[in-house]
Amino acid sequence: MILENKIMEDIKAAMKAKDKTALEALRAVKSAILLAKTSGKGTELSEADELAILQKQVKLRHEAAEQFEAQNRPEMAQNELNQAKVIERFLPQQLDADELKSEIVAIIQEIGAKDIKDMGKVIGLANSRLAGKTDGKSVAEMVKKQLNP
C-alpha cells in the first residue's frame, strides 16, 4: 500500500511538472497494481508482489525498446527507456555483476551445490533472497556460469 501512495504522489508531481514520460510510466504501474489487487487474490499486495509488478513493468519497457530499435524507431525506443528509468526509481538498488557473483557463490556454498544438477535449488533460493535486486535471467546466467566451470 505504501508503494501505491508513493505512485499517486509522483503522478501528481508529474502532472504539475507536465512530465509526460513519467506520467505515462506511473499510470501504467498504478494500473498494474490495481489489476493485481482486483485479480481475486485479496485486496492487499505484499512487498514481493509490488516488486514483481515493478520488475515486470521495467522488463516490458526494455522489450518494447528493443522492438522499436529493431524497427529503426530510436525516438520511441528512447521514450520506453526513459519510462523504465522512472519505474526503476521504486526498485531497490540493483546488484552489479560482482555483487551478484558473490551472492551466488555464497548460496552455492551454503547449499553445497556441486554441479549443474543443483541449478534449480540454487536459482530458487537466489531468486527469493535477491528479489527486486536483480532479474531472474541474470541470476540463471550467473548460476550456470558458476556451476559449469
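**Exercise 1. Determine how H2 is placed against H4, and which residues bring the two helices together.**

*Solution.* In this predicted model, H2 passes H4 in a right-handed crossing. The next step is to look at the residues that touch: on the side of H2 they are Thr21, Ala22, Glu24, Ala25, Leu26 and Val29, and on the side of H4 they are Asn79, Asn82, Gln83, Val86 and Ile87. Sorted by class, this contact of H2 with H4 holds six nonpolar, four polar and one charged residues. For the geometry, take helix H2 as residues 20–37 and helix H4 as residues 74–88; their axes lie 9 Å apart and the helices pack at an angle of about 60°. An angle from 65 to 115 degrees would count as roughly perpendicular and one under 35 degrees as roughly parallel, and H2 and H4 are therefore oblique to each other.

**Exercise 2. Describe the packing of H2 against H3 in the terms used for the previous pair.**

*Solution.* Two packed helices are described by the angle between their axes and by the distance between those axes. For H2 and H3 the angle is about 135° and the axes are 10 Å apart, which makes H2 oblique to H3. The crossing of these two helices is right-handed. From H2, the residues Ala25, Ala28, Val29, Ala32, Ile33 and Ala36 take part, and they meet Ile53, Leu54, Gln57 and Arg61 in H3. Divided by class, the contact of H2 with H3 consists of eight nonpolar residues, one polar and one charged.

**Exercise 3. Work out the arrangement of H6 and H7, and state the classes of the residues in their contact.**

*Solution.* Helix H6 spans residues 119–129, and its axis comes within 10 Å of the axis of H7, with the two crossing at roughly 140°. Since only angles over 145 degrees count as roughly antiparallel, H6 and H7 are therefore oblique to each other. Their crossing is right-handed. H6 contributes Met119, Val122, Ile123, Ala126 and Asn127 to the contact, while H7 contributes Gly136, Val139, Ala140, Val143, Lys144 and Leu147. By class, the contact of H6 with H7 has eight nonpolar, two polar and one charged residues.

**Exercise 4. Locate the largest pocket and describe its lining.**

*Solution.* The volume of the largest pocket is about 590 Å³. Its lining is made of 22 residues, of which Gln55, Lys59, Thr134, Asp135 and Gly136 are the closest to the centre. Two elements give two or more residues to this lining, namely helix H3 (47–70) and helix H7 (136–147), and H3 gives the most, with seven residues. The lining of the largest pocket divides into six nonpolar, eight polar and eight charged residues.

**Exercise 5. Summarise the chain as a whole.**

*Solution.* The chain contains seven helices and zero strands, so that its elements, read from the N terminus on, run α-α-α-α-α-α-α. Taken along the principal axes, the C-alpha atoms fill a box of roughly 55 × 40 × 25 Å.

Note on methods:
Residues numbered from 1 in each chain as written. Predicted model: local features only at pLDDT ≥ 70, side-chain atom pairs only at ≥ 80, totals over all residues. Heavy atoms only, no water. 1 Å grid on protein atoms, 1.4 Å probe; cavity = no way out; pocket = protein on both sides within 12 Å on 5 of 7 lines; lining within 4 Å. Points joined across faces, edges and corners; volume = space filled by probe spheres on them. Helix = DSSP H or I, 4+ residues; strand = E, 2+ residues; numbered from the N terminus. Nonpolar A, V, L, I, M, F, W, Y, C, P; charged D, E, K, R; others polar. Axes fitted to C-alpha atoms, helices over the stretch in contact; angles between N-to-C directions. Left-handed = near helix turned anticlockwise from the far one by under 90°. Contact = heavy atoms within 4.5 Å.
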